[in-house]
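Here's a quick walk through one model, written for someone who likes cut-offs spelled out. Have a look at it first.

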Amino acid sequence: MAAAESTARELLSPLPLRLNHTEGVVSRARALAGTVAVDDRPVLVAAAWLHDVGYAPQLVSTGFHPLDGARFLESMGWSEQICGLVAHHSGARFQAGPLGLADELRSYEFTEDAMTDALTVADQTSGPAGERLTLDDRMRNMLRRHGPGSTNARAHALREPYFRSASARVAARGLTEVSGIDYAALIAV
Ligand SMILES: [Fe+2]
């Protein structure tokens, strides 16, 4: 899964802030890895590295970064699971409709489970420069940056309940995880 890190670093090199954000998401994903199955932990970390590669200038096609990223990763032979996680991270399905890209996004499977919850929460608790933020601060920051007329703002009524429920599910799973495990060692990539 080192390939995920090198792919992200190369594609996002023209976008240093986006790379900083990605590093923050990876760090949060590692912290949350105990909420997913052991076999899924390296996949979660790889998806965290790759979740925003669709912002890379050379990959912009539709302009909807979850879809552009997933299409690129699919073309490079990344697994269906990784492509699905990237395509649907952070409630992308709620933005695809207003953008007229719902059918295109539906070609990637979305499953509401521990993996999609953990990736979304990792993304939604990492700020634009990778700083750790609460979900509330992250949502405020996002709405301020994108503006009231943005797709993000228009989709927010649907995304916010999803973010809050995903966060509650991750917290509940975190409470049941066995303490004392060195998750960083388990998911070393
Ligand atoms: Fe992100």
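What follows covers the metal site, the aromatic contacts and the nonpolar core.

This is a predicted model, so local features need pLDDT of at least 70 and side-chain atom pairs count only at pLDDT 80 or more, while totals for chains, interfaces and linings use all residues. Residues are numbered from 1 along each chain as its sequence is written, and side-chain values use heavy atoms, with hydrogens and water left out.

Let's start with the metal. The iron ion is held by His21 (NE2), His51 (NE2), Asp52 (OD) and Asp123 (OD), at 2.1 to 2.4 Å. Donors here are N, O and S atoms within 2.8 Å of the metal (3.2 Å for Na, K and Ca), and water is not among the atoms, so sites may look incomplete. Along the chain, the iron donors are spaced H-x29-H-D-x70-D. What makes the arrangement irregular? The 4 donor atoms subtend angles of 81 to 174° around the iron ion. For reference, four donors count as tetrahedral if all angles lie between 85 and 135 degrees; four count as square planar and six as octahedral if opposite donors are over 155 degrees apart and all others between 65 and 115; anything else is irregular.

Histidine 51 and aspartate 52 are both buried (under 20% relative accessible area; exposed is over 50%, partly exposed in between, with a 1.4 Å probe and protein chains only).

Now the rings. Phe94, Phe110, Tyr162 and Phe163 make up one aromatic cluster. Phenylalanine 110 and tyrosine 162 have ring centres 6.4 Å apart and planes at 80°, so they pair edge-to-face (centres within 6.5 Å; planes under 30 degrees apart are stacked, over 60 edge-to-face, the rest tilted). At 24% relative accessibility phenylalanine 110 is partly exposed, whereas tyrosine 162, at 4%, is buried.

| Arginine | Ring | Distance to ring centre |
|---|---|---|
| Arginine 18 | Tyrosine 55 | 3.9 Å |
| Arginine 93 | Phenylalanine 110 | 3.9 Å |

Finally, the core. The largest nonpolar core has 47 residues, and Leu50, Leu73 and Ile82 have the most contacts inside it. Such a core is a set of buried Ala, Val, Leu, Ile, Met, Phe, Trp, Tyr and Cys residues joined through side-chain atoms within 4.5 Å. Valine 45 is buried at 0% relative accessible area. Its C-alpha is 8.5 Å from that of leucine 119, though valine 45 and leucine 119 are 74 residues apart in sequence.

How values were computed:
Rings of Phe, Tyr and Trp (its six-membered ring) pair if their centres lie within 6.5 Å; planes under 30 degrees apart count as stacked, over 60 as edge-to-face and the rest as tilted. A charge sits over a ring if NZ of Lys or CZ of Arg is within 6 Å of the ring centre and within 35 degrees of the ring normal.
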